[in-house]
Protein chains: 2
Amino acid sequence: MEAVPGELVLAVDLGGTKISTALVSPQYRVVARDYQLTLAAEGPQPVVARLIAAIERILADHSISPTQLHGISIAAAGAIDRERGLITLSPNLPGWHDIALREIVSARFGVGTFLINDAKAAALGEHRLGAGQGVDNLIVVTVGTGIGGGIIINGSLYYGTSGSAGEIGHMTIDVNGPKCACGNTGCWEMLASGAAMTREAVRRIGLGENSLLNEMVKGRLTDITGEKIEAAARRGDPLAQQIVARTAQYLGVGLVNLVNIFSPGMITVGGGLAKMGDLLLEPARRLMRERAFHQASSVVRIVPAQLGPEAGVLGAAVFARESDR
Amino acid sequence: MEAVPGELVLAVDLGGTKISTALVSPQYRVVARDYQLTLAAEGPQPVVARLIAAIERILADHSISPTQLHGISIAAAGAIDRERGLITLSPNLPGWHDIALREIVSARFGVGTFLINDAKAAALGEHRLGAGQGVDNLIVVTVGTGIGGGIIINGSLYYGTSGSAGEIGHMTIDVNGPKCACGNTGCWEMLASGAAMTREAVRRIGLGENSLLNEMVKGRLTDITGEKIEAAARRGDPLAQQIVARTAQYLGVGLVNLVNIFSPGMITVGGGLAKMGDLLLEPARRLMRERAFHQASSVVRIVPAQLGPEAGVLGAAVFARESDR
């Protein structure tokens with residue numbers, strides 16, 4: 001255990017699939033971690049109860065009382081009202097509307113509590129502790145089931161006027177493309193995310209095309225994942241290779257937009273899909289260099305994110321330490 | 001003439017069509033103005049000579065010597081190297097590559113000279129003097145032949161790492177759309193600009209569709225302009241109305257992207273096409289409200305720019321006064 005437990009931040013990453021908890025030292029070392037399933041479909045009350053239980057458990061397991069903490073900091077997959085500390089809405093947490101999570105947790109544990117959007121937390125983490133250290137203008141792209149984003153301008157996290165800036169996954173790149181659940185059309189995440197990849201594989205195999213993937217999942221197409229598509233592509237399966245190439249192209253198209261709009265010094269690409277590495281990133285980079293303005297494309301580095309699955313808790317810890325209490 | 005001529009900025013707006021000059025008071029009143037044609041096709045040397053002659057003329061006409069000026073400030077339609085004061089490249093000024101315009105003018109007149117991209121100048125002007133006063137996060141969109149943009153973040157003009165940020169006209173909104181001269185595909189300005197409108201009208205009439213426009217230009221399709229399409233639409237011509245509606249939709253799609261990415265407090269829409277007013281703006285606003293994230297769309301105002309054709313010279317004057325000499 002840490003020498004000065006009073007300085008620990010208890011960081012929580014509240015996602016649609018799991019609730020991760022961590023104790024984070026002042027040097028941003030994760031000294032303890034735990035997680036449990038969110039079971040988001042049950043709605044806000046049971047999820048809030050599980051989140052509180054998860055906090056209690058990691059405290060009990062390490063014999064720490066809440067008053068010894070620097071604070072509790074929650075990175076959540078949803079839109080945040082910063083002033084009031086609410087989760088106003090979440091695509092990944094069904095039924096959450098204006099839930100006063102910051103107050104609930106703060107009242108329960110009697111310590112300063114912080115609430116930040118998870119993509120913004122990841123951006124803060126990547127800038128302070130990860131690949132983006134020292135980069136003035138940084139875009140942190142997280143490509144998983146969807147595409148999340150965080151924007152650092154002149155070294156500071158950019159919130160925009162409503163607090164919701166950075167929804168880069170929901171820029172239209174195909175005006176005639178599929179409808180997105182967000183209400184927009186042809187969003188980047190409808191075309192370049194993990195969900196887009198598996199949807200395309202299921203669609204094409206469903207239409208009767210041959211693929212190694214069909215054998216790999218023994219005909220259960222719902223078992224197709226990004227990892228399986230990657231594995232099939234690496235084994236030479238043409239359909240899987242085409243899908244990876246298509247996803248990389250779409251990824252590149254969105255990067256062109258970000259480079260032309262922001263001329264950032266760096267764009268980091270993280271999230272589940274980024275594990276594919278250069279299989280995905282190199283063709284996307286190439287397309288970006290071909291199409292974006294030379295002045296901007298010649299200075300931007302497109303690199304893998306460094307923090308991995310701990311981006312959320314680390315970013316939440318940074319947020320707590322940098323915020324005024 | 002101004003009481004304190006020593007405080008005047010001589011502002012120049014160097015565009016692809018004309019070179020505007022103005023004497024601008026410390027209160028940002030345009031106390032004198034002049035212009036001449038750029039004749040850009042002749043290449044950089046004759047254009048630079050005309051620009052210098054234009055500066056000499058407005059000085060002579062008002063009996064001002066260069067040393068009485070606060071400075072000379074040039075807003076130019078092109079990519080700028082801020083450090084070295086070069087126009088590195090310009091889509092509207094053929095043959096311009098790394099022209100050291102700041103040094104040339106400064107050496108010729110012996111006064112502090114400033115050089116800024118024209119869309120950035122317009123953004124600065126609109127923020128300090130126009131519709132965007134007091135707005136922390138502002139996007140200034142200029143829709144003319146193309147689409148230019150300037151971004152104000154937390155009250156400051158945002159340049160990005162290379163200085164070229166704000167090329168919002170060159171974000172892909174239709175990945176399967178037409179190739180743009182910039183090297184990208186399906187750019188916003190290929191679909192929502194004045195050039196896009198006239199191109200579409202010429203195409204459809206060329207294919208044999210009926211339109212009032214055909215009579216208005218007596219069959220000379222190259223004479224079709226945005227103004228004529230607007231006039232035909234207001235007179236009830238179905239083809240012109242469809243083209244205006246289509247342009248407004250595409251305009252709205254780009255606004256959705258800007259709102260989701262930046263969550264600005266305001267977006268101003270200026271330039272030649274914006275003269276159409278709500279015929280264009282209202283359907284674009286409606287689409288934006290339908291499709292963008294509610295948290296962001298509920299706080300943003302989409303309004304006409306206020307500075308009109310003087311945005312360039314006024315913005316250049318602001319830039320000169322706010323820059324360190």
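Helices (H or I, at least four residues) and strands (E, at least two) are here DSSP runs, numbered from the N terminus. This is a predicted model, in which local features need pLDDT of at least 70 and side-chain atom pairs count only at pLDDT 80 or more, while totals for chains, interfaces and linings use all residues. Residues are numbered from 1 along each chain as its sequence is written, and side-chain values use heavy atoms, with hydrogens and water left out.

In chain B, the loop between strand 2 (18-24) and strand 3 (30-37) holds B:Tyr28, a residue that is not a glycine and yet has a positive phi of about 60°. In chain A, A:Asn154 likewise is not a glycine but has a positive phi, of about 50°, and it lies in the loop between strand 9 (147-153) and strand 10 (156-157) of that chain. With a relative accessible area of 57%, A:Asn154 is exposed, where exposed means over 50% relative accessible area, buried under 20%, and partly exposed in between (1.4 Å probe, protein chains only).

Chain A as a whole has 11 helices and 12 strands. Its radius of gyration, 20 Å, is close to the 20 Å that the globule rule gives for 325 residues, so chain A is as compact as a globular protein of that length; the radius is taken over C-alpha atoms, and the rule is 2.2 Å times the number of residues to the power 0.38. Along the principal axes, the C-alpha atoms of chain A fill a box of roughly 60 × 50 × 35 Å, and buried residues make up 59% of the 325 residues.

The interface with chain B comes next. The contact (heavy atoms within 4.5 Å) takes 43 residues from chain B and 43 residues from chain A. The area buried between the two chains, that is, the accessible area (1.4 Å probe) lost on putting them together, summed over both, is about 3600 Å², and carbon and sulfur atoms give 54% of it. The elements that give two or more residues to the side of chain B that touches chain A are strand 5 (79-81), strand 9 (147-153), helix 8 (238-262), helix 9 (278-291) and helix 10 (294-297) of chain B. Helix 8 of chain B supplies the largest share of that side, seven residues.

Conventions: Chains lettered and ligands numbered in written order.
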